[in-house]
Amino acid sequence: MTLPPSSNPSPPWLGPVGPVLVAGGAGAAAILGFGLLTGADVKAVSWMLLVACGVTGLAAWHVVERLGAAAPPATFAERAAHEDAPPYASLIDALPDPVLVIAAHEPEDLTGRRFVLVNAAARETLRVQYDAGLLVTVIRDPGVLEAVDEALFGDLEAEAVYEMGGVQERVMRAIAKPLGQARDGARLALLVLRDETDIRRAERTRADFLANASHELRTPLASLSGFIETLRGHARDDAGAREKFLSIMQAQAGRMARLIDDLLSLSRIELNEHIAPHGEVDLVQVVMDVVDSLGPLARDRGVRLEPVGLPACGQVMAPGDRDQIIQVIQNLVDNAVKYTPSGAAVRIAMRPDVSAAEAAAPGDPRAARFSLLTPDRADDRYCAIRVADAGVGLARAHLPRLTERFYRVEGQKSGERSGTGLGLAIVKHIVNRHRGGLAVESVQGEGAAFTAYFPLVRAEAGAV
């Protein structure tokens, strides 16, 4: 006779081994009852009970092993629910890509899209200071918001290109995926931002390098070709012309070499411009090293280098790449030496622990001033390094274009002051990589001054 389901002697909490354990227990009880009724020897009954328990245990182990081999592997959700597994929020927070979980109730409520979970990478990239809030307060790009809507209300995966604002010009690939419905009825979507800045910068750098090199190298190459043709022609036996032409050809070849070096340097800087450098740099020591290295050049031109207001070494530390910061100060001082007349001085002044507004403020109220680069973070403290020459100065109209590639002020493109026109462009991109700023001021007839300012090392929380 088959028992109904309600009379199954195996409790549900025993699982699939319940029937085996119940049968074993019944057998042990029968042996014990038989021994008590017949008055059998206690040792014999004990051995019979021990054998019954062993057989029951072996049978239960065999059932569990067979069921375990046949059972499907646990899903990720089941494994994550284990008490030893980290919570989902911790897993998302550890991801290197910016990740946000978006929730919304009504498609018509355009301001109802909220992020309810944001990981550490997203907080740093989007500068989010809270754990939940309106999505439009951190991302306003229409393409990204449309991709999120498709994932929320269309159950579709969508992508968009997100070009972030700011001076670092980062490009992200926004990927939105549906997550279904929450317990309160809200629709959920996952938004992942994948940084593609390196790829975009590499493509643009290759294109810019080819365009700039082909344009700027055309003139010296034409000069070299013309002089070679002349030397092989009617000037072949003219010793004076030959010496003159060879000297010009050497100068043109040197200019081509400098141009290629500057283009390669600028390309390398631009590729990593969005990645802040690591390490700490003693800015006072950097300025002193630049003064020592350019001292002989300044003396040859009859120009004095005058450092002003330098603290002791080790007192002004900035996060950065020492070689690149040296390149910034060296380019600024070298330019100042070129445009300072003999007998005058180039002043290199330092002001540590100032705000961004104080660092970019003009030193002369009469000067025309322009901010060539303004940092995004206005709450940092900076060290401003100001390099002032005693040259003819710059007209106000030229100031906004000084950091453009190959831009040269009319009347300064020839002679001993000739250069590649890339020095200030290199300065701007290095300062931008260090999250600093760059400003210029000029009084015509009295000289110009460039100020580069770098953020100082932040004091650790709780430090004395």
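Colleague: Which residue stands opposite Thr451 in strand 14?
Modeller: This is a predicted model. In it, Ala439 stands opposite Thr451. Strand 13, residues 437-443, and strand 14 run antiparallel and are joined by 7 bridges.

Colleague: What about the hairpin of strand 13 and strand 14; which residue there takes a positive phi?
Modeller: Gly445 does, with a phi near 90°. The hairpin has 3 residues between the strands.

Colleague: In what sense do strand 12 and strand 14 pair?
Modeller: They pair in the antiparallel sense over 7 bridges, strand 12 being residues 382-388. Within this pairing, Tyr382 stands opposite Pro455.

Colleague: How many residues of strand 14 are buried?
Modeller: All 9 of the 9 residues, 447-455, are buried, so strand 14 is largely enclosed by the rest of the structure. Gly447, Ala449, Thr451, Tyr453 and Pro455 point one way, while Ala448, Phe450, Ala452 and Phe454 point the other way.

Colleague: Why the two directions?
Modeller: Side chains in a regular strand alternate between the two faces of the sheet.

Colleague: Changing topic, where is Arg127 found?
Modeller: Arg127 is in the loop between helix 5 (120-126) and strand 3 (133-134). Arg127 has a positive phi of about 60°, although it is not a glycine. Its relative accessibility is 48%, so Arg127 counts as partly exposed.

Colleague: And where does Asp155 lie?
Modeller: Asp155 lies in the loop between helix 6 (142-153) and strand 4 (158-163). Asp155 is not a glycine, yet has a positive phi of about 50°. With 47% relative accessibility, Asp155 counts as partly exposed.

Key. Residues are numbered from 1 along each chain as its sequence is written. This is a predicted model: local features need pLDDT of at least 70, side-chain atom pairs count only at pLDDT 80 or more; totals for chains, interfaces and linings use all residues. Side-chain values use heavy atoms; hydrogens and water are left out. Buried means under 20% relative accessible area, exposed over 50%, partly exposed in between (1.4 Å probe, protein chains only). Helices (H or I, at least four residues) and strands (E, at least two) are DSSP runs, numbered from the N terminus. Two strands pair if DSSP finds at least two bridges between them.
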